[in-house]
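I opened my notebook for this one and jotted down what I looked up, in the order I looked. Have the model open beside you if you'd like to follow along.

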Amino acid sequence: MPLPMARPWKHPDSRIYYVRKAVPVPLRPLVGRSLEKLSLRTKDLEVARARFVEVVREIEARWATLAADPTVLSEREAHELAAPAYDRWIALHRDNPSQNFWRTDLFARLWQSRRVGLWGRPDVVHQVLHGAYADRGEDDMEAWCLKQADSLIAKKGLQLDADGRRMLAQAVAAAIQHASLTLERYALGDVVEAPPEREPPGGRAPSPRSAPTAKVLLDDLVKG
């Protein structure tokens, strides 16, 4: 008897279609569950069918990555993975650019060694007495970047060691720093938007100007 083909599953209450796919037993410790369940964000069966194939392909690609050896990231790859954070941060804070928690003045102090005291917090007394590095908010910024890196790792199905995770978090920090510097200019009114391209009258593109002839260029050089 042939096995039934995989197809979208409709939630009995919301009527929204989902992908439900059993995780292979060897990968369950890495995935953290025995069943993948992802919403197809539609109640239309035809739309769900169209999305189903792509979502299943993404799930299987992530599983294949998990099954492979741990990924060794280069700095370039880390920055490419983190690059979308720039656009998201700009979009999130464009209307109120001064209202975000990122402190651009602390960026150069991130990822430096800080002596840890009780309960895993910075040893402020030692830092003050000995002129050592004192936390001014960098801990929270680093923790946030590591959380974003973990989300990326899970989304892409990557296996990274501690160094790779830290490198990705540093790339996230660089993207947010770049975006926050742009937002600081926006907060001062320095917002330059490119004007939309307008179609010329009649719907025809203007004919390009002819390039100056060699004689004109030579005359200009002589006059100069």
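Which residues touch the most other members of the largest nonpolar core? I looked here before anything else, keeping in mind that this is a predicted model. The core has 27 residues, and W102, C145 and L168 touch the most other members. I then asked where the core's residues come from: α3 (75–82), α4 (84–93), α6 and α7 each give two or more. The biggest giver is α7, with ten residues.

Next I picked out C145 and listed its partners. Leaving aside residues up to four places away in sequence, C145 touches W102, W111, A169, V172 and A173. So much for that core; I also found a second, separate one, made of 13 residues, with Y17, V19, F52 and L66 among them.

**Entry: α7**

How far apart are the end C-alpha atoms of α7? I got 37 Å for this helix, residues 162–187. That agrees with expectation, because 26 residues at 1.5 Å a residue should span 38 Å. At the N-terminal end, D161 is the cap, with a side-chain oxygen 3.2 Å from the backbone nitrogen of D163. After the helix comes G189, and its phi is positive, near 90°.

**Entry: α2**

Where does α2 bend? I found the bend at R51, about 30°. At the start of the helix, D44 puts a side-chain oxygen within 2.9 Å of the backbone nitrogen of E46.

Then I went through burial. The buried residues of α2 are A48, F52, V55, V56, I59, R62, W63 and L66. Two of these names, F52 and L66, I had already noted in the second core. As for what covers the buried residues of α2, I noted β2 (17–22), α1 (28–31), β3 (35–39) and α6 (138–156) among the elements involved.

**Entry: the whole protein**

I stepped back last. I counted eight helices and three strands, in the order β-β-α-β-α-α-α-α-α-α-α from the N terminus. Of the 224 residues, 29% count as buried. The protein exposes about 16,100 Å², and carbon and sulfur atoms supply 55% of that. For contacts between residues at least 6 apart in sequence, I noted that 64% join residues at least 24 apart.

Note on methods:
Residues are numbered from 1 along each chain as its sequence is written. This is a predicted model: local features need pLDDT of at least 70, side-chain atom pairs count only at pLDDT 80 or more; totals for chains, interfaces and linings use all residues. Side-chain values use heavy atoms; hydrogens and water are left out. The bend at a residue is the angle between axes fitted to the seven residues ending there and the seven starting there. Helices (H or I, at least four residues) and strands (E, at least two) are DSSP runs, numbered from the N terminus. Buried means under 20% relative accessible area, exposed over 50%, partly exposed in between (1.4 Å probe, protein chains only). Contact means heavy atoms within 4.5 Å. A polar contact is a pair of N or O atoms within 3.5 Å; within protein, one must be able to donate a hydrogen and the other to accept it, and residues adjacent in sequence count only if both atoms are side-chain atoms. The expected span of a helix is 1.5 Å times one less than its number of residues. A nonpolar core is a set of buried Ala, Val, Leu, Ile, Met, Phe, Trp, Tyr and Cys residues joined through side-chain atoms within 4.5 Å. Accessible areas come from the Shrake-Rupley method with a 1.4 Å probe; for residues, only the protein chains shown count as cover.
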